[in-house]
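Thanks for making time this morning.

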Amino acid sequence: MTDQTDRPGLKRLLACLLYECLLMTALLLTTSALFTVPMVKLGQPAWLRALEQLTLLAVLFAYFGLSWVRGGQTVAMKAWRLQVTRADGEALGWRLAIFRFAVALILIVGVPIAAYLGMGGGNPHTARLALLWCAVPFVWRWFDPQGQTLHDRLCGTRLRVKPRRAIPGA
């Protein structure tokens, strides 16, 4: 069970999310830059755009998957002392990391895009409403008995705050 003392607070969660967004922006821009010259030289063929999208998705999963399986922490999570574990406190395996990544991607990216397109798109109010869907997995934690986000609840994982390391001689 989730101990209330090791559950991350909203400020810590949002700070970590902001840091993660900055890291993802840099990582995705760098990866996308590798496709700039071929895109210009070849005239942006559909197969190259599809390859770029698949590469961006693979890079995202490589970052999150490796981080979650090898210690349960991304760079941002380390900075904010957050760790993702299975519900029983054990480390994530590859199968669960893939599942968590897919569920989070669907909830945080897929559902807002579907909402935007389903509401007709093009209207600024529609865009704002679709962006609100991005918050749903995180707002869920106020309704969850253990305060878990929706994707963690669906995957059987949880976020916890790691205790501070003791400083030798302090």
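Predicted model: local features only at pLDDT ≥ 70, side-chain atom pairs only at ≥ 80, totals over all residues.

Take Cys16, which belongs to no disulfide and has the sulfur of Cys21 as its nearest cysteine sulfur, 9.7 Å away. Cys134 is likewise in no disulfide, and for Cys134 too the nearest cysteine sulfur is that of Cys21, at 9.5 Å. Are these two cysteines buried or exposed? Cys16 is buried, because its relative accessible area is 7% and buried means under 20%, whereas Cys134 counts as partly exposed, with a relative accessibility of 22%.

Now to the overall fold. The protein chain has 7 helices and 2 strands, and, read from the N terminus, these elements follow the order α-α-α-α-β-α-α-α-β. Along the principal axes, the C-alpha atoms fill a box of roughly 60 × 40 × 30 Å. Of the 170 residues in the chain, 34% are buried. If we take the contacts between residues at least 6 apart in sequence, 65% of them join residues that are at least 24 apart.

What sits in the largest nonpolar core? That core has 22 residues, and the ones with the most contacts inside it are Phe64, Trp68, Met77 and Val84. Two or more residues each come from helix 1 (10-33), helix 3 (46-69), helix 4 (75-79), strand 1 (82-86), helix 5 (94-118), helix 7 (150-155) and strand 2 (157-161), and the largest share, 5 residues, is given by helix 5.

Once its neighbours within four places in sequence are set aside, Val84 is in contact with Trp68, Gly72, Met77, Leu92, Arg100, Asp152, Thr157, Arg158 and Leu159. Between the C-alpha atoms of Arg158 and Ile98, which are 60 residues apart along the chain, the separation is 15 Å.

Let me turn to the open space. The largest pocket holds about 640 Å³, and of the 24 residues that line it, Leu17, Glu20, Phe64, Ile108 and Phe138 are closest to its centre. Helix 1, helix 3, helix 5 and helix 6 (124-139) each give two or more residues to that lining, and the largest share, 8 residues, comes from helix 1. By class, the pocket lining divides into 19 nonpolar, 3 polar and 2 charged residues. The largest cavity has a volume of about 80 Å³, and among the 12 residues lining it, Pro8, Gly147, Gln148, Thr149 and Leu159 lie nearest its centre. Its lining has 3 nonpolar, 5 polar and 4 charged residues. Leu159, listed there, is also one of the contacts of Val84.

Definitions and conventions
Residues numbered from 1 in each chain as written. Heavy atoms only, no water. Disulfide = S-S within 2.5 Å. Buried < 20%, exposed > 50% of the residue type's maximum accessible area, 1.4 Å probe, protein only. Core = buried A, V, L, I, M, F, W, Y, C linked by side-chain atoms within 4.5 Å. Helix = DSSP H or I, 4+ residues; strand = E, 2+ residues; numbered from the N terminus. Contact = heavy atoms within 4.5 Å. 1 Å grid on protein atoms, 1.4 Å probe; cavity = no way out; pocket = protein on both sides within 12 Å on 5 of 7 lines; lining within 4 Å. Points joined across faces, edges and corners; volume = space filled by probe spheres on them. Nonpolar A, V, L, I, M, F, W, Y, C, P; charged D, E, K, R; others polar.
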